[in-house]
Amino acid sequence: MALGATYNASEIEDKWYAYWMEHNYFHSEVDEREPYTIVIPPPNVTGVLHMGHMLNNTIQDVLIRRARLQGYNACWVPGTDHASIATEAKVVAKLKEQGINKADLTREEFLKHAWEWTEEYGGVILDQLKKLGASCDWERTKFTLDPEMSQQVIKSFVDLYNKGLIYRGYRMVNWDPVAKTTLSDEEVNHVEKQGNLYFIKYKIEGSKETLTIATTRPETIFGDTAICINPNDERFTHLKGKKAIVPICNRVIPIIEDEYVDVEFGTGCLKVTPAHDENDKMLGDKHKLEVIDIFNDDASLNSFGLHYEGKDRFVVRKEVTKELDEKGALIKTEQHINKVGTSERTKAVIEPRLSDQWFLKMEELVKPAIKAVLEDDDVVLHPKKFENTYRHWMTNIRDWNISRQLWWGQQIPAFFYGDGKEDFVVAESIDEALVLAKSKTNNNSLTTESLRQDADALDTWFSSWLWPMSVFDGLNNPDNKEFNYYYPTNDLVTGPDILFFWVARMIIAGYEYTDKAPFKNVYLTGLVRDKQRRKMSKSLGNSPDALKLINDYSADGVRVGLLLSAPAGNDLMFDEGLCNQGKGFSKKIQSAFSLTQMWNVDKTIPQPESSRIGIEWYKSKLQKALVEMDDHYSKYRISDALMTTYKLIQDEFCGWLLEIIKPAYQAPIDSKTYNEVMALFEDNLRIVHPFMPFLTEELWHNIEDRSPQEALCINTWPKVEPIDENLLKNFEFAAEVISGVRTIRKEKNIAFKDAIVLSVINGEKVDSVFDAIISKLVNISELNYISEALDSALTFRVKSNEYFIPMEGAIDVEAEIEKLKEELKYTEGFLRSVQGKLKNEKFVNGAPEQVVASERKKEADALAKIETLKTSLVSLS
RNA sequence: GGGCGCAUAGCUCAGUUGGUUCAGAGCACUUGGUUUACACCCAAGGGGUCGGGGGUUCGAAUCCCUCUGCGCCCA
């Protein structure tokens, strides 16, 4: 069955994906086999497939498909997360378009809209993964807001609270004024921005004197509650104990002393605004300063901003500067570059803000997770270089702010019964909360109506950090059969950008709840960048449409294209040309297949010697490639494993083996060769299948009719057999001979169809097993073994073997001599360097025996070659 | 400002404990080839002071120091 030009990738992909699904190959159930488990990094439920997803899901699919072929009970659990900030922001924006304001909705009403949105757009990304060929166990698909998933999150919150690890604190947090929520430190990006340093004059109370401070944020003067100087700074000794007057609002504030102030920076005088800067907060606490919060939750000014009330902070910055200037309080403005915290999601400039939030104590929790990765290797990061980054973050960890001022997510299970800060209980349900509240207050008249649940939701990562456990119901039901079998999982494949957000936290949670790491290996992929090294992003518009790529180059082609240049941990410079190379590889395999299907098989003819030896050689070559691939896979060098496969098929199988066994034009092929080659073709398909699942399944079924139990997807990895190293070595030699003949044919313009005679002085005593192959591949009519050099012949040498192609009259003796002299000169130079080493006693005594032996062999080879060259020269002149 | 990492062919990258196979691969490039699977092909070929400088060693892309240029993380 030939397919060639008729191969329609998209049709074939749909056909086989449906077939795989129909026969439930991707579904895993607990059995006696050893499990191999991967949990997907859950993408945002309303997201669409982008290059990063394609890359890491292709890698996961390669790993899981290979494991399946190797006989493991392979289980890849898919799912999505609710991405609270991103999704809530999208829903708010959509409602706004419809003229609905979130503030006018109740929590329940809003959540109804959010669920509608999720149901409408949710899961699109999972369907896109199917297009890519992802062999997930779809029956196990999970969503972080599924009832049983949420239940585990709540359970974990209550548990950690009861262990004293969760507390409520009034802290400076990162406030996103656009999303109107706090962010964790990890969700804040520090970006360099061009700003100004404003020099502002403050009057000293009861004096004509003034002092000057430098600030990047003049609008915060309304929140100033002190001026700070360094006690060692002699310039300001006269200010000690005095008070300053804040311009515009004319408030009187103390001048305090603290060594925290950098004498070098600005003017050496610092204005202190404890409500709006973390360092100022620290100074404020230390010196017991008043705290004045001047902002509303959208970062406009409140009544402390006086006549600026209601205006945005950046507008106020401009207007205040102008007013200060008019009042003569602005001394000067300098350009100043500083790093500004911005929201990862909304890009808004973060406002440090004091508020009540929920925190998770990290200090004790991280300990086992540090040990597991850095000491015990219970979790191995690939590549290893990320261990340093991990160490740095884990050893400098701060408490995790897990509350978000959002509705989309698990509502914090804290129930308030009074107005006091401590008037709450934490419980999995309101009924349990009521029991607790009654006993805490000794007030039996409390009812569920008197309880008010904290309005905030939990950080999404507080759901996903449980993911490898919760997808198997491991927190609800820790002793269940599946959890015991599939957990801990094997490999986790994700991007380095979420090493802290997610990976580290999963390890922490794993140890807290199971005393085990949730996975053994973490493979951190690179980020996908464009050719100009820019990160691919929607805003830059430099990310190709994933589905269009699949359409243009086939899913197999895109998979190969992505993997070809994706070494672990290195960023990937994406180039569509690579997909084209992938597509080309796919065509090459198809074309090789059609060749085999064009032959007529004749059972009566014997197997040619060239075919027999060629097949033996390829068997060893394939085995060698398998060993190499195992090594690459074990080190998560997926692109190297692919390259090994690529070269095996492209160069060794198509380039050499098929040429060796190919019958003459329109001649039949013997059945032994045909059957053996097809068996090897099947082995090739097995090896290629993890990379190109669709094409290989298609060809697999084209080779013969197979039952559903015989599908390639659930077949077996090739068996390990011994490698005949000697055969491989002899082939290398033969390949050099072939290359030598080809070079001469090219130089002398001898057409391939003109058969030539080749004679050899076999000084190397090379085995003649490959003679038949040499004769066939370079069209040699006779291959003679001789002992004396031939006159009027073109020559070339392989090691000390000399080859002759008789050529009447066409020999340029001078040129031949020149060629020989060149080779001689090079070889003599080489010999000198080798002998130099061998004469050096320190080398002979100091170097390992093996190394010295190899140098001696080099010496002997060089001497033999020189001998050959000299003899040839003598015979020519 | 603190920490980590990188620099090898035009591009993207391998190069394990310093030593056979060490200067490699793929792509790109140059030349030649198409009646006989594939031009998304085949064959042959060019191309590198291994970022600069110093050191250790019989021997350094590999180890040490230093300089330069990039990247990432954290503050």
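A charge is taken to sit over a ring if NZ of Lys or CZ of Arg is within 6 Å of the ring centre and within 35 degrees of the ring normal. By this criterion K332 lies over the face of F199, at 4.5 Å from the ring centre. The charged end of R706 is likewise placed over the ring of W700, 3.9 Å from its centre. The structure is a predicted model, in which local features need pLDDT of at least 70 and side-chain atom pairs count only at pLDDT 80 or more, while totals for chains, interfaces and linings use all residues. Residues are numbered from 1 along each chain as its sequence is written, chains are lettered from A and ligands numbered from 1 in the order in which they are written, and side-chain values use heavy atoms, with hydrogens and water left out.

Aromatic pairs were examined next. Rings of Phe, Tyr and Trp (its six-membered ring) pair if their centres lie within 6.5 Å; planes under 30 degrees apart count as stacked, over 60 as edge-to-face and the rest as tilted. The count under this rule is 37 aromatic pairs. In one of them, the ring centres of F110 and W407 are 5.6 Å apart and the planes stand at 65°, so the pair is edge-to-face. This pair links distant parts of the chain, 297 residues apart: F110 belongs to helix α4 (residues 107-121), and W407 to the loop between β17 (403-404) and β18 (414-416). Helices (H or I, at least four residues) and strands (E, at least two) are DSSP runs, numbered from the N terminus. Both F110 and W407 are buried, where buried means under 20% relative accessible area, exposed over 50%, and partly exposed in between (1.4 Å probe, protein chains only). Ring pairs also join F157, Y161, W358, W400, F416, F424, F462 and W465 into a cluster.

A residue is near a molecule or strand if one of its heavy atoms lies within 4 Å of it. There are 42 residues around RNA strand B, of which K588, S591, R637, F843 and K858 come nearest. Of the atoms of RNA strand B that come within 4 Å of the protein, sugar and phosphate account for 64%. Bases are also approached: a polar side-chain atom of K588 lies 2.7 Å from a base oxygen of RNA strand B, and a polar side-chain atom of E659 lies 3.0 Å from a base nitrogen. The elements giving two or more residues to this surface are α10 (386-395), α17 (576-598), α19 (638-661), α22 (725-747), α25 (841-846) and α26 (849-876). The largest share, 9 residues, comes from α17. By class, the surface near RNA strand B has 13 nonpolar, 13 polar and 16 charged residues. Here Ala, Val, Leu, Ile, Met, Phe, Trp, Tyr, Cys and Pro count as nonpolar, Asp, Glu, Lys and Arg as charged, and the others, Gly among them, as polar.

Strand pairing was also assigned. Two strands pair if DSSP finds at least two bridges between them. Strand β7 (residues 188-204) and strand β8 (residues 210-215) pair in the antiparallel sense over 6 bridges, with Y198 opposite T215 in β8. The hairpin of β7 and β8 has 5 residues between the strands, and in this hairpin G206 takes a positive phi near 65°. An open sheet of 3 strands has the order β19-β18-β20, with antiparallel pairing. Its edge strands, β19 (424-426) and β20 (452-453), each pair on one side only. Between β18 and β20 the antiparallel pairing runs over 2 bridges, and F415 stands opposite Q453 in β20.

Backbone geometry was considered last. Most residues other than glycine have a negative phi, and most peptide bonds are trans. A83, which is not a glycine, has a positive phi of about 40°. A83 lies in the loop between β3 (79-80) and α3 (84-97) and is buried, with a relative accessible area of 10%. L306, also not a glycine, has a positive phi of about 55°. L306 is in the loop between α7 (278-286) and α8 (313-326) and is partly exposed, at 41% relative accessible area. The peptide bond from H382 to P383 is cis, with omega near -5°; P383 is in the loop between β15 and α10. K384 is found in the loop between β15 (380-382) and α10 and counts as partly exposed at 45% relative accessibility. The peptide bond from Y487 to P488 is cis, with omega near 0°, and P488 is in the loop between α14 (481-486) and β22 (489-494).

Conventions:
Polar contact = N/O pair within 3.5 Å; in protein donor to acceptor, adjacent residues only side chain to side chain.
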